[in-house]
Amino acid sequence: MHHLILASQSPARTKLLAEAGIRHTVLVSDVDEAAVQERYGVTDPHDTALLLARAKAVAVASLPEAEGALVLGCDSVFEFDGEAHGKPYTADVARDRMLRMSGSAGVLHTGHWLVDCRDTDDDGSRGRGSGATLGAVASAEVTFMDMEPAEIDAYIATGEPLHCAGSFTIDGLGGAFIRKVDGDPHAVVGLSVSTLRGLLAAANVRITDLWPAR
């Protein structure tokens, strides 16, 4: 039986996997995202999302608890006006961003990185480790409705946008301000199930192998 570890503390990501019927456990990395970005100097939002996802997956894959498992790291970065936006953390930053985003559109990039920590063998038989370590990015354009300053303040007061890439969610209260999504909607939540399927296939694992036994 395959064991998938999600290297993310995001409740939205683990909820999405659970609702998709994908068995997994959560093991959070202690990656310093700011330090990783400073070290590599990556400024492109697409590449930054992949770099941070890789850092999380590799960090967890190095732990004893990951032995024999498949480790998935994810990270999301919002691209708006040519700039990369992660979590705002403060109300002032979130307010400034949302005032600019009102009536406009940006692209949410979600990086995925899979590390196969299962034992490998010479014949490549199914169920054995592939030694794979690979990633992919799923992106989607998000168009926002016009937002009144009072609505923005009320949303920020809930605390929801402070710890979300781009200062919004689609699967929570923030969904009220999203007009449309062009691309994989799961990428906006923070984990593309179809992208995960492709990464697992590269490691010789079917996503159906992670569904509950019936």
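1. Basis of the note. This is a predicted model, in which local features need pLDDT of at least 70 and side-chain atom pairs count only at pLDDT 80 or more, while totals for chains, interfaces and linings use all residues. Residues are numbered from 1 along each chain as its sequence is written, and side-chain values use heavy atoms, with hydrogens and water left out.

2. Helices 4 and 5. Helices (H or I, at least four residues) and strands (E, at least two) are DSSP runs, numbered from the N terminus. Helix 4 (residues 91–101) packs against helix 5 (residues 149–157) at an angle of about 140°, and their axes are 10 Å apart. Here axes are lines fitted to C-alpha atoms, for helices over the stretch in contact, and angles run from 0 to 180 degrees between N-to-C directions.

3. Helix 4 brings Ala91, Ala94, Arg95, Met98 and Leu99 to the contact, and helix 5 brings Pro149, Ile152, Asp153, Tyr155 and Ile156; contact means heavy atoms within 4.5 Å. By class, this contact has eight nonpolar, no polar and two charged residues. Ala, Val, Leu, Ile, Met, Phe, Trp, Tyr, Cys and Pro count as nonpolar, Asp, Glu, Lys and Arg as charged, and the others, Gly among them, as polar.

4. The largest pocket. Its volume is about 940 Å³, the space filled by probe spheres set on grid points that are joined across faces, edges and corners. On a 1 Å grid over the protein atoms alone, a pocket is an open set of points where a 1.4 Å probe fits, with protein on both sides within 12 Å along at least five of seven lines, and lining residues have an atom within 4 Å of a point. Among the 38 lining residues, Arg13, Lys87, His163, Cys164 and Ala165 are the closest to the centre.

5. Who builds the lining? Helix 1 (11–19), helix 2 (33–40), helix 3 (45–61), strand 3 (70–80), strand 4 (83–85) and helix 6 (185–189) each supply at least two residues. Helix 1 gives the largest share, four residues. By class, the lining has 17 nonpolar, 13 polar and eight charged residues.

6. Two backbone angles to check. Most residues other than glycine have a negative phi. Serine 167, in the loop between helix 5 and strand 7 (178–183), has a positive phi near 75°, and at 0% relative accessibility serine 167 is buried (under 20% relative accessible area; exposed is over 50%, partly exposed in between, with a 1.4 Å probe and protein chains only). Asparagine 204, in the segment after helix 7 (193–202), has a positive phi near 65° and is partly exposed at 39%.

7. Cysteine 74. This residue of strand 3 is buried, at 0% relative accessibility. Not counting residues up to four places away in sequence, cysteine 74 touches Arg13, Ala53, Lys56, Gly111, His112, Gly190 and Leu191. Its C-alpha atom is 7.2 Å from that of alanine 7, 67 residues apart along the chain.

8. Glutamate 141. Found in strand 6 (residues 133–144), glutamate 141 is partly exposed at 35% relative accessibility. Its contacts, leaving out residues up to four places away in sequence, are Ala105, Gly106, Val107, Lys180, Val181 and Asp182.
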